[in-house]
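Trainee: Could you go through this one with me? I would like to ask a few things as we look.
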Amino acid sequence: MGRALEEAAAAGKLGEVPVGAVIVRAGEMLAAGHNLTHTLGDPTAHAEAVAIRRAAQASGHWRLIGCTLYVTLEPCAMCAGAIVLARIHRLVFGAYDPKAGMCGSLADLVRDPRLNHRVQLSTGILGEECGQVLREFFRARRDLSGAR
């Protein structure tokens, strides 16, 4: 999760929402990514999707069997769906997202028994640190805009 926090910091430096993700297989980092939605002008360039694309390219296969995805924020519906489709074995996330999280907050897509793949889930790992990065980012944006 420490490496995912580094990715989140990289996103923040670009003015992106600071979310980072890392995919590991057999103790080796396969890929990392951070939010690039504004940078690329791509609404699908969330940290998890970027990392999944990179991991699939690095492994030479779209099925990421045996992989663990570490991400600083609970995945949204799009990312939770991509996690299931990629057959990621385990998801570890830091901060909950009560407004858009689909891995326990609003729903639990990654463990839905109606789907053909279910993901092992670990939550709240370095949750305070992950949440603090996001709170500081949005506080700074509100301060710049004069909004309270």
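Trainee: Is R135 buried, exposed or partly exposed, and why?
Mentor: This is a predicted model, and in it R135 counts as partly exposed because its relative accessibility is 36%.

Trainee: Which residue does R135 form a salt bridge with?
Mentor: The partner of R135 is E128, and the closest N and O atoms of the two are 2.6 Å apart. E128 counts as exposed, because its relative accessibility is 52% and the cut-off for exposed is over 50%.

Trainee: How many salt bridges turn up in the whole structure?
Mentor: A search of the whole structure finds four, and among them is the one between R114 and D112, with 2.6 Å from N to O.

Trainee: And are R114 and D112 buried or exposed?
Mentor: R114 is exposed, with a relative accessible area of 73%, whereas D112 counts as buried at 13% relative accessibility, because buried means under 20%.

Trainee: Changing topic, what span should helix α3 have, and why?
Mentor: Helix α3 covers residues 47-59, and its 13 residues should span 18 Å because each residue is taken at 1.5 Å; the end C-alpha atoms are 18 Å apart, which agrees.

Trainee: Which residues of α3 are buried?
Mentor: They are A47, E48, A49, V50, A51, I52 and A55, and what covers these buried residues includes the strands β1 (20-25), β2 (28-34) and β3 (67-73), together with the helix α4 (77-85).

Trainee: What follows α3?
Mentor: The helix α3 is followed by G60, which has a positive phi, near 80 degrees.

Methods. Residues numbered from 1 in each chain as written. Predicted model: local features only at pLDDT ≥ 70, side-chain atom pairs only at ≥ 80, totals over all residues. Heavy atoms only, no water. Helix = DSSP H or I, 4+ residues; strand = E, 2+ residues; numbered from the N terminus. Expected span 1.5 Å × (residues − 1). Buried < 20%, exposed > 50% of the residue type's maximum accessible area, 1.4 Å probe, protein only. Contact = heavy atoms within 4.5 Å. Salt bridge = Lys/Arg side-chain N within 4 Å of Asp/Glu carboxyl O.
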